[in-house]
Amino acid sequence: MIRYVLLLIGVILLLQACAPPVYYARQIHGQVIDAQTGEPIERAIIVAQWILFHQGLGDSWHKSRLRVVETVTDKNGYYTISGSPMVRIIPFTELDRYDPKLSVFKKGYRPSSFINKKDRNSPIRSSDWDGKILRLKLPTASIEKQANKLGIFFNGIYKGGGKIEWRNFPRMLLAMYEETQRFKVKGIDPMLLPSVPNISKFSAVDKQFLEEFKNEK
């Protein structure tokens, strides 16, 4: 039995050794449009995440982020996320095929996520959606289902197995907080809503930090 345990540990250490200590995220650019009209969507919020896959004894999960970047589209619906090196310091982790995950939101549209579908084993990380069009659709579900989908969407950014600092995505935080308040006014079950930090209870320093993004035009 001990021999098998040692063998398993050896395999895990080997996998850890195979994962590159430094990754490089290639630049991502594209356009966000209305799926029905084809018109560009201005100021759509995009959060890109490179989420580490944790390898454990008998278990594995996605949790820590190697990189998180937020941006917004211009008046023609275009966006760019710069390239960057990413140093992996957490042991027994690696990036898998899903990274980077692109989460896109614009008030009045369904929140949408776009992930990679092809397996890759390279320190150079690119997006399947680079240079492509991201189409946002209008909501058609009941308001309860809309609230539930919004909760799942935001929890995949803020939590995703482990909470990350909201300062990485202040525009998305503000948008989700506004939507949450809107659903609350309509009497939606709070259990369906996103787990959004209560901005009204933030410190003066944090509120001042958010003011910069509230005033964006």
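Q: In which sense do strand 2 (residues 28-34) and strand 11 pair, and over how many bridges?
A: The general idea is that two strands pair if DSSP finds at least two bridges between them. The strands themselves are DSSP runs (E, at least two residues), as helices are (H or I, at least four residues), and both are numbered from the N terminus. Here strand 2 and strand 11 pair in the parallel sense, over 4 bridges. Within strand 11, Arg-135 stands opposite Ile-33.
A quick note before we go on: this is a predicted model, where local features need pLDDT of at least 70 and side-chain atom pairs count only at pLDDT 80 or more, while totals for chains, interfaces and linings use all residues. Residues are numbered from 1 along each chain as its sequence is written, and side-chain values use heavy atoms, with hydrogens and water left out.

Q: What is the strand order in the open sheet of 3 strands?
A: Read across, the order is 5-2-11, and the pairing is mixed. Strand 5 (78-81) and strand 11 are the edges, each pairing on one side only. Neighbouring strands of this sheet are turned by 30° against each other on average, direction ignored; the axes behind that angle are lines fitted to C-alpha atoms, for helices over the stretch in contact, and angles run from 0 to 180 degrees between N-to-C directions.

Q: Which residues of strand 1 (residues 22-25) are on the covered face, and which on the uncovered one?
A: In a regular strand the side chains alternate between the two faces of the sheet. In strand 1, Tyr-23 and Ala-25 make up the covered face, with Val-22 and Tyr-24 on the uncovered one. Strand 1 runs antiparallel to strand 6 (residues 84-87), joined by 4 bridges, and Met-86 is the bridge partner of Tyr-23 there. With strand 10, strand 1 runs parallel over 2 bridges, and Ala-25 stands opposite Arg-125.

Q: Is Gly-77 buried or exposed?
A: Gly-77, in the loop between strand 4 and strand 5, comes out at 0%, so it is buried. The C-alpha atoms of Gly-77 and Gln-31 are 5.1 Å apart, although 46 residues separate them along the chain. Contact means heavy atoms within 4.5 Å, and, leaving aside neighbours within four places in sequence, Gly-77 is in contact with Gly-30, Gln-31, Val-32, Pro-40 and Ile-41.

Q: How many aromatic pairs turn up in a search of the whole structure?
A: Rings of Phe, Tyr and Trp (its six-membered ring) pair if their centres lie within 6.5 Å; planes under 30 degrees apart are stacked, over 60 edge-to-face, and the rest tilted. The search gives 8 pairs. Take Phe-114 and Trp-129: the ring centres are 5.0 Å apart and the planes sit at 70°, so this pair is edge-to-face. The two are 15 residues apart, with Phe-114 in strand 9 (residues 112-114) and Trp-129 in the loop between strand 10 (124-125) and strand 11 (133-136). Phe-114 is buried at 9% relative accessibility, whereas Trp-129 is partly exposed at 23%. Elsewhere, ring pairs link Trp-166, Phe-202, Phe-209 and Phe-213 into a cluster.

Q: Which arginine lies over the face of Phe-209?
A: A charge sits over a ring if NZ of Lys or CZ of Arg is within 6 Å of the ring centre and within 35 degrees of the ring normal. For Phe-209 it is Arg-167, at 4.3 Å from the ring centre. Likewise, Arg-182 has its charged end over the ring of Phe-183, 4.6 Å from the centre.

Note on methods
Buried means under 20% relative accessible area, exposed over 50%, partly exposed in between (1.4 Å probe, protein chains only).
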